[in-house]
Amino acid sequence: MADPLIIKICGIKTPELLDATIAAGADMVGFMHFPRSPRHVDIEPLAELISACRGRIESCVVLVNPDNSCVAEVAALGPDWIQLHGPESPHRVEAIRAEAGVEIMKALPIGSAEDVAEVASYAAIADRVLLDAKPPKGADRPGGLGDSFDWGLLQGLDPETAFMLSGGLNPDNVAEAIRRVRPMGIDVSSGVERAPGEKDKRLIEAFIRNARMAG
Ligand SMILES: O=C(O)c1ccccc1N[C@@H]1O[C@H](COP(=O)(O)O)[C@@H](O)[C@H]1O
């Protein structure tokens, strides 16, 4: 039997929403630690949110091109995962993985066949890769924009490469994405919000319900 689909809800900011996301059946939650994001969480509330996950759900902190002190500060809070969502090189990903001592998910922007060809070098060193839409030129952040990419590009990916899919997923398109792309997991942020940074419990429930039916 195939492994169950991993569902990650990203950009959780409050304990109340964390509880609702766990109750809705998510496997993993993401917390943004990146001040330019409308979902940014400071270190103190981040520590509380990570603690509240223990034994209930996997926690993941999303960082963008972090320096060593940021990695150390976040790793000390004991998340299960750190997601690197910036232009980190394979060498930098390896160094952060060794420094942090937690599992590393590397997000990769996909907009062309060349981007797909880059995936293998990261899949070899990260614990997991997450494929996201390439942000438009001039975007103020590298993700969380609600944009999807051409899933057909993934036909160029080595079929042995396990990956999570993100970028513009929502309750209406998640079932089709799962059926077409066959990812090991899915990740959503904007698609379960009523406004940037404002998660909607009902959209989270609908997203998870539709994903489970398809997965
Ligand atoms: O959410 C953000 O603001 C963000 C900022 C910087 C890097 C990543 C960010 N979000 C991640 O982007 C993907 C896709 O999000 P969406 O569903 O298209 O809105 C997801 O992993 C978010 O966690």
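Which residues is Pro-90 in contact with, leaving aside its neighbours within four places in sequence? I looked, and the list is Ser-121, Tyr-122 and Ile-125. Two residues count as in contact if their C-beta atoms, placed from the backbone, lie within 7 Å.

**Ground rules.** I'm working on a predicted model, where local features need pLDDT of at least 70, side-chain atom pairs count only at pLDDT 80 or more, and totals for chains, interfaces and linings use all residues. I number residues from 1 along each chain as its sequence is written.

**More on Pro-90.** I found Pro-90 in helix α4. Helices are DSSP runs of H or I with at least four residues, strands are runs of E with at least two, and both are numbered from the N terminus. Pro-90 has 14 other C-beta atoms within 10 Å, so I put it down as partly exposed. The cut-offs: 20 or more other C-beta atoms within 10 Å of a residue's own means buried, 12 or fewer means exposed, and in between is partly exposed, with C-beta atoms placed from the backbone. I also checked Ala-124, which is 34 residues from Pro-90 along the chain; their C-alpha atoms are separated by 9.2 Å.

**Helix pair.** Next I looked at α3 (residues 68–75) and α4 (residues 90–100), which pack at about 40 degrees with axes 10 Å apart. Axes are lines fitted to C-alpha atoms, for helices over the stretch in contact, and angles run from 0 to 180 degrees between N-to-C directions. The two helices are therefore oblique to each other. Under 35 degrees would count as roughly parallel, over 145 as roughly antiparallel and 65 to 115 as roughly perpendicular, with the rest oblique. On the α3 side, I noted Asn-68, Val-71, Ala-72 and Ala-75 making the contact, and on the α4 side Ile-96, Glu-99 and Ala-100.

**Asp-150.** I found Asp-150 in the loop between β6 (128–133) and β7 (164–165). It counts as exposed because it has 10 C-beta neighbours inside 10 Å. I then compared its position with Glu-16: 134 residues apart in sequence, and 35 Å apart in space, C-alpha to C-alpha.

**Whole chain.** I counted seven helices and ten strands. The radius of gyration (taken over C-alpha atoms) is 16 Å, close to the 17 Å of the globule rule for 215 residues, so the chain is as compact as a globular protein of that length. That rule is 2.2 Å times the number of residues to the power 0.38. The C-alpha trace spans about 40 × 40 × 40 Å along its principal axes. Buried residues make up 40% of the 215.
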